[in-house]
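Let's walk through this structure together, one stop at a time. Have the sequence and the 3D view open as you read.

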Amino acid sequence: MDMDAELSALAAQEDLPADLVWRLLRHPGARRSAALLRRDLTAEQIEEIIALGSVRTLAANSSVPSPVRARFAKHPEPNVRCAVAASVRDEPPGLLATLADDPDPSVRSFLAMNDQLPPDLLARLATDPEPSVRSSLIPRWRDVPGSVRRMLLTDTDPGIRRSSARAFRPPADLLPGLLADPATRAAAVAHTVPTAELAADPDSDVREAVAAHPDLPAVLRDLLADDPDVYVRNAIAARADTPPALRERIVAALEPDSPIAEWVLSYGRGTHTCPPAAPEPPPLTRQQAEALLTRAGL
């Protein structure tokens with residue numbers, strides 16, 4: 001581990017004496033690590049971090065006292081308000097509503113990812129004029145009221161309709177329209193019975209969705225095993241009900257054109273491997289920490 005990484009790791013070490021934290025704040029990387037991860041920052045240290053220019057990182061630290069985070073919610077830089085919006089609680093009351101009215105859509109998009117939002121603010125963001133805000137909301141709102149779900153599934157923005165069809169089970173009366181809509185057809189496949197027509201669809205995304213359908217008949221499974229699209233065939237290889245001999249034949253003929261494509265395909269089959277996580281560095285004693293700071297000139 002190089003010295004910058006060692007200093008950043010030390011800055012996040014629990015029970016680090018306050019005088020050593022102060023010294024670490026003079027190093028940009030260590031300061032960002034302390035600003036983001038430390039739960040014991042004093043008011044004076046918080047002000048020092050702000051003065052040194054790491055306010056955006058500090059704003060993402062959910063352990064910073066709520067009055068300070070409320071102050072960040074009024075910061076002139078949108079990226080600071082974004083960092084607060086994603087995780088701040090409604091302290092003081094009305095803070096979340098203030099962020100929901102922020103003039104910058106990126107702030108409202110980050111707010112839509114906040115797990116602390118009450119139903120009335122979720123409903124407000126679902127009607128936000130900016131598609132990116134509505135899009136941020138969809139993957140995280142599971143108990144969506146029926147009226148809001150219907151509104152999102154019929155949104156004027158095709159990306160919103162597609163995301164909604166992936167996230168929510170549509171009402172039966174909307175399903176034909178979703179299947180007819182090129183933007184939502186592939187996503188809607190999961191909510192209907194797979195047919196030979198869908199398995200022969202000119203859109204490979206639709207055929208891939210059919211290949212992954214839990215109720216796919218064996219005759220369509222075997223048909224899609226020879227699909228011209230590599231991702232469709234890969235979806236068949238990933239199925240638990242695909243006979244081993246057929247799976248081996250498919251995998252042997254996938255021939256990805258790059259290591260990234262190979263990883264994507266193997267991920268879809270659940271056979272990918274990731275490198276082991278780097279071990280956590282052992283905590284330093286005060287003497288070791290002081291020696292590191294001295295070597296770094298801090």
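Helices here are DSSP runs of at least four residues, numbered from the N terminus. With that in mind, and remembering that this is a predicted model, start at Tyr-267, which sits in helix H21. Is Tyr-267 buried, exposed or partly exposed? Tyr-267 has a relative accessibility of 49%, so it counts as partly exposed.

Together with Tyr-231, Ile-260, Trp-263 and Val-264, Tyr-267 forms a nonpolar patch. The accessible area of these residues together is about 520 Å². Which helix gives the most to the nonpolar patch? That is helix H21, residues 259-269, with 4 residues.

Tyr-267 also has a relation to Ala-238 that you can check in your viewer. In sequence, Tyr-267 and Ala-238 are 29 residues apart, while in space their C-alpha atoms are 9.4 Å apart.

Next, turn to Tyr-231, another member of the patch. Tyr-231 is also one of the residues through which helix H19 contacts helix H17. How do the axes of H17 (residues 204-211) and H19 (residues 230-237) run relative to each other? They come within 8 Å and cross at roughly 5 degrees. Angles under 35 degrees count as roughly parallel, so H17 and H19 are roughly parallel to each other. On the H17 side, the contact is made by Ser-204, Arg-207, Glu-208 and Ala-211. On the H19 side, Val-232, Ala-235 and Ile-236 take part along with Tyr-231.

Key:
Residues are numbered from 1 along each chain as its sequence is written. This is a predicted model: local features need pLDDT of at least 70, side-chain atom pairs count only at pLDDT 80 or more; totals for chains, interfaces and linings use all residues. Side-chain values use heavy atoms; hydrogens and water are left out. Patches are made of residues with over 30% relative accessible area and no salt bridge: like charges are joined within 9 Å, nonpolar side chains (Val, Leu, Ile, Met, Phe, Trp, Tyr) within 5 Å. Accessible areas come from the Shrake-Rupley method with a 1.4 Å probe; for residues, only the protein chains shown count as cover. A salt bridge is a side-chain nitrogen of Lys or Arg within 4 Å of a carboxyl oxygen of Asp or Glu. Helices (H or I, at least four residues) and strands (E, at least two) are DSSP runs, numbered from the N terminus. Buried means under 20% relative accessible area, exposed over 50%, partly exposed in between (1.4 Å probe, protein chains only). Axes are lines fitted to C-alpha atoms, for helices over the stretch in contact, and angles run from 0 to 180 degrees between N-to-C directions. Angles under 35 degrees count as roughly parallel, over 145 as roughly antiparallel, 65 to 115 as roughly perpendicular and the rest as oblique. Contact means heavy atoms within 4.5 Å.
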